[in-house]
Every structure is written in structure tokens, then in C-alpha cells.
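Subject: Handing over the structure

Dear colleague,

I am passing this structure on to you, and below it you will find my notes on what was found. Please read them with the structure open beside you.

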Amino acid sequence: FSGPLYVNGVYTLRILQNLLGLPGTNVADVRKVISHPQALAQCMPYIKEHGFATEDAVNTARAAAAIAQAGDPSVAAIASAETSNLYGLEVIERGINKSLLNTTRFAVFSRCENPSRARTNSTFMMLFAVNNEAGALANAINVIARHGFNMTTLRSHPLKNKPWQYYFYVEAEGDESSETGKNMLSELQEHCSQIKIIGHYNMEVPLEDNE
């Protein structure tokens, strides 16, 4: 909210979780799996089916590194196949996550907006904090909608050093730099204490699968 960076692109990557272990390890050898809590949650049906104990890691790469360092075939990691190559592990079983639709979004940040980027079929990202008055959030949302901008995302986040106060993150289809967009932002100022445009992208670009 207070930083200088701008989002110039958004990319999606399909995530395929794999069971990784020491070379020669079989599923029957594994008693415990280590991974990031989100990866563990994505694979929970598989974990329960095999009766594995679980342990949280900071991220999937750290989990794989821990398996390689410990040298215990009864402990495996959940991570990408690429990670196994980094730490000398083997893929015991592929695609163990419950849903094959798991994706992660990545954003490209830069110090300024890319002025050459086209604004057709685009989406903008905006942060705002509303005035401390009844109905301020509803009024702000109505302003965005009334000017024809379709919100695809709305999330709240706590403001630092201001207990129980929040700012809102919005992604909306359209061009906020158009005449309609300028009118929307002008009217939005009546209901908001702070407004900041933090990014603009034309479409989410799918990256190749991470297996």
C-alpha cells in the first residue's frame, strides 16, 4: 500500500505436487511427509489414504532439502519434480494433489508502469481505504459498479500500525485511465481516505506446467 512498485503482468502456473524421496525409496517405505502447509492441504486425501504423519516446512524447496540432508528413507517431501533434481531426490509418485486445477498466480513488479502496454480487454489493480463512516465500503463498491467496471476480486487487509482498520484490494475489468475511469476515481475519493492504482494487465498468461 505504501511501496513504489507497479504490477505490469500477471501469470498463472498449474501446480502438480509430487512425492519425493531418497533414491530407491518406495511408497511403502514412507512414514512421514514434509512440505509447506498449503501443499500438505492440497494432498491431504493422498496423505490420509497412506497414513502418513505430516510436518510443516517454510516452503516445498526447504522440505526437499531437509529430506536430502536427513538421509532417512521413511521421510518424504511433497514438491515439484524440478525440486527433486536440485537436491538429488527421486519422484516416488506424481500428481498426488487432490485437484489437478491447482494454480499459483505470479505478478511482475517494476518501478514504473509500462507505457507501451495496450489497454484493450484489460484489468486494473487498485488499493483503497474507506472513510470512517457508515456504508462507506458499500458506497465505494457502488461507485465502481455504476461506472461500468466489473470487479473480479475484492479482498481486505489490515493496515499496519492501525488496529482494526483495513484497506481493500480490487481487481476490475476496464481501463482506469479512460475518461470513464477518471470519473470513477474522482467520485470514489468522496468515500475513500486513500486510493492507489498499483497495476494493470491485459490478460493472465498461463505458463508451462510445473511437474
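Which exposed residues does the face of H3 turned away from its buried side carry? They are Arg 62 and Gln 69, where exposed means over 50% relative accessible area, buried under 20%, and partly exposed in between, with a 1.4 Å probe and protein chains only. Before going further, please note that this is a predicted model, in which local features need pLDDT of at least 70 and side-chain atom pairs count only at pLDDT 80 or more, while totals for chains, interfaces and linings use all residues. Residues are numbered from 1 along each chain as its sequence is written, and side-chain values use heavy atoms, with hydrogens and water left out.

Helix H3 covers residues 60-70, and its buried residues are Ala 63, Ala 64 and Ile 67; helices (H or I, at least four residues) and strands (E, at least two) are DSSP runs numbered from the N terminus. Seen down the axis of H3, these buried residues fall within an arc of 95°, so they line one face of the helix, the arc being that of the directions from the helix axis to the C-beta atoms. Their cover includes strands S2 (18-21), S3 (32-35) and S5 (75-79) together with helix H4 (81-87), with contact meaning heavy atoms within 4.5 Å. At the start of H3, a side-chain oxygen of Asn 59 comes to within 3.2 Å of the backbone nitrogen of Ala 61, and just after the helix Gly 71 has a positive phi of about 70°.

Five strands make up an open sheet of mixed pairing, in the order S4-S3-S5-S2-S6, where two strands pair if DSSP finds at least two bridges between them. Strands S4 (53-56) and S6 (90-93) stand at the edges with a single partner strand each, so one side of each is left without a neighbour in the sheet. Within the sheet, S3 and S5 pair in the parallel sense over three bridges, and Lys 32 has Val 75 in S5 as its bridge partner.

In the loop between S5 and H4 lies Ser 80, which counts as buried at 10% relative accessibility. Ser 80 is 61 residues from Leu 19 in sequence, and their C-alpha atoms are 8.4 Å apart in space.

In helix H5 (residues 136-146), the residues Ala 136, Ala 140, Val 143 and Ile 144 are buried. Down the axis of H5 these residues, too, fall within an arc of 95°, so they line one face of the helix. They pack against strands S8 (123-130), S9 (150-158) and S11 (192-201), and against helix H6 (179-188). Just after H5, Gly 148 takes a positive phi of about 85°.

Finally, Thr 123 in strand S8 is buried, with a relative accessible area of 9%, and the residues it touches include Glu 171, Gly 199 and Tyr 201.

Technical notes: Polar contact = N/O pair within 3.5 Å; in protein donor to acceptor, adjacent residues only side chain to side chain. Lists of a residue's contacts leave out its neighbours within four places in sequence.
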